[in-house]
Amino acid sequence: MHESLGDIILHHVTNGLDHPLVSLHFWGIDFSITKHVVMLWISAFLLTSIAILATRRYRKNIDAQPRGLSQIFEMLIEFIRDEIVKPNIGTGKEARLWTPMLTTFFAFILTCNFIGLIPFFDFVPGGSSTVTGNLYMTGALAVITFLAIITAGVMKHGFIGHWKNLAPHGVPIAVLPLIIVIEVFGMFLRPIVLMVRLGANMTAGHIGMIAIFALPMILSQLPQGAQLGVGFVAVLLNTGIFFLEIIVSLVQAYVFTLLSSVFIGMAINPEH
Amino acid sequence: MLPAVMIFASGGGGESEGWLGRWLLSYDFGLSIWSIITFFVVLAVLRWKAWGPLTAALDAREKSIKESLEAADRAKADADKVSQDYDEMIRKARIEAQEIVAEAKKAGEKVKNDIEAKASSQADVIVQQAKVQIENEKTAALKEIKTLVVDFSLDVAGKLIEKNLDADDNHKFVEQTLTKFEG
């Protein structure tokens with residue numbers, strides 16, 4: 001059996017559409033439970049379990065003091081609220097409305113990124129790949145942001161008011177059509193950029209790591225000792241890249257959350 | 001790295017459209033819909049069970065900290081006021097004490113002056129009385145001397161003249177003479 005390196009890499013970074021765990025088809029759409037859906041659900045289950053466990057004490061007693069895991073969740077929600085939501089969207093009612101969603105964005109993307117980094121999931125049926133590296137998953141998150149932008153704008157300025165805000169005030173009539181075209185283009189471009197940035201970043205790291213692990217295979221003409229040496233170097237390199245990937249996971253989750261809140265903020269405060 | 005790049009680019013071979021194409025273009029809307037459903041389920045559960053109680057706890061803590069700070073500020077303001085009142089009281093007490101001392105001094109001065117004045121007037125009276133008494137004593141003494149002188153003179157005259165004159169006539173005569181002498 002000959003499998004090219006490209007196929008091996010593909011196997012790791014793409015969804016196993018040809019080998020679904022459970023095949024489901026409704027209304028002409030393939031709803032099959034593929035490995036990315038499994039990863040999605042593992043992430044969702046882990047995140048909700050940990051979050052519910054961590055906030056247990058607050059449900060029992062509103063005056064509970066933070067300890068251990070709950071401290072991390074307090075820091076997380078305070079960070080999202082004070083550093084991302086408040087400066088970009090606004091304080092008070094708006095912060096209260098959008099903080100839970102954006103915190104979920106951050107926590108969910110981060111969990112998916114981290115789960116994708118754990119090689120152990122290779123042993124789970126359909127496992128070992130990063131669902132956030134799939135453009136259809138990041139696209140879905142971007143669609144949620146897209147809808148959130150419109151919802152935020154409509155809630156603040158009314159349905160017509162929101163669309164009027166697409167054209168900034170005080171623009172000469174002559175350039176107005178051009179501005180509208182640009183703004184509408186930008187409106188769709190923003191979620192597309194969100195989708196590609198997260199998906200490409202998460203995929204790139206994995207491709208890089210698998211390619212480095214494949215170095216001995218690529219250099220198969222070398223004598224066996226040299227291949228061992230190359231393999232050792234590959235492991236060292238990948239250990240470094242793994243830590244880099246942890247940072248990339250954090251940064252991409254942060255960037256997605258930050259940009260989503262910036263875009264929502266732009267819909268709420270269009271003049272800024 | 002060059003061979004790696006070449007192998008990547010060649011992808012899965014002739015029948016597939018290349019790995020990059022498959023990564024970008026494979027049709028996977030099912031995953032998108034699962035992602036949206038999963039995200040909203042996670043959001044709903046977390047909002048209900050995690051973010052909600054957590055935010056409520058944070059808000060409650062923030063509120064209690066704010067209230068504590070305000071209470072502390074109020075207590076400090078009260079303490080400041082009490083301290084100011086106390087200072088004011090001390091200041092007033094000091095002024096009052098000074099006034100009392102000043103009044104006491106003044107009263108003492110007055111008493112002193114009164115006593116001095118009284119003493120001096122009493123002394124005047126005493127001196128006056130002494131003068132009067134001295135005058136009286138002097139008059140009495142002079143009178144006595146006069147009597148003695150008259151008696152002595154009569155004695156001497158009687159003895160000298162050896163003429164037995166009536167004592168009463170002689171006495172009258174000497175007194176008349178002395179009166180003339182005084183006048």
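A crossing of two helices is called left-handed if the near helix is turned anticlockwise from the far one by less than a right angle, and right-handed if clockwise. By that rule, H2(A) passes H5(A) in a right-handed crossing, where helices (H or I, at least four residues) are DSSP runs numbered from the N terminus.

This is a predicted model, in which local features need pLDDT of at least 70 and side-chain atom pairs count only at pLDDT 80 or more, while totals for chains, interfaces and linings use all residues. Residues are numbered from 1 along each chain as its sequence is written, and chains are lettered from A and ligands numbered from 1 in the order in which they are written.

**Helix pairs**

Axes are lines fitted to C-alpha atoms, for helices over the stretch in contact, with angles running from 0 to 180 degrees between N-to-C directions.

| Pair | Axis separation | Crossing angle |
|---|---|---|
| H2(A), residues 35–54, and H4(A), residues 69–88 | within 8 Å | roughly 105 degrees |
| H2(A) and H5(A), residues 93–117 | 9 Å | about 120 degrees |
| H8(A) and H10(A), residues 224–268 | within 10 Å | roughly 175 degrees |

Angles under 35 degrees count as roughly parallel, over 145 as roughly antiparallel, 65 to 115 as roughly perpendicular and the rest as oblique. H8(A) is therefore roughly antiparallel to H10(A). Their contact (C-beta atoms, placed from the backbone, within 7 Å) involves residues including Arg190(A), Leu194(A) and Arg197(A) of H8(A) and Glu245(A), Val248(A) and Phe263(A) of H10(A). By class, this contact holds 14 nonpolar, six polar and three charged residues, with Ala, Val, Leu, Ile, Met, Phe, Trp, Tyr, Cys and Pro counted as nonpolar, Asp, Glu, Lys and Arg as charged, and the others, Gly among them, as polar.

H2(A) and H4(A) are therefore roughly perpendicular to each other; Ala51(A), Leu53(A) and Ala54(A) of H2(A) meet Leu69(A), Ser70(A), Ile72(A) and Phe73(A) of H4(A), a set with six nonpolar, one polar and no charged residues. H2(A) and H5(A), by contrast, are therefore oblique, and their contact includes Met39(A) and Leu46(A) of H2(A) together with Phe108(A) and Ile115(A) of H5(A).

**Individual helices**

Just after H6(A), Gly158(A) takes a positive phi of about 85 degrees.

Methods
Helices (H or I, at least four residues) and strands (E, at least two) are DSSP runs, numbered from the N terminus. Two residues are in contact if their C-beta atoms, placed from the backbone, lie within 7 Å.
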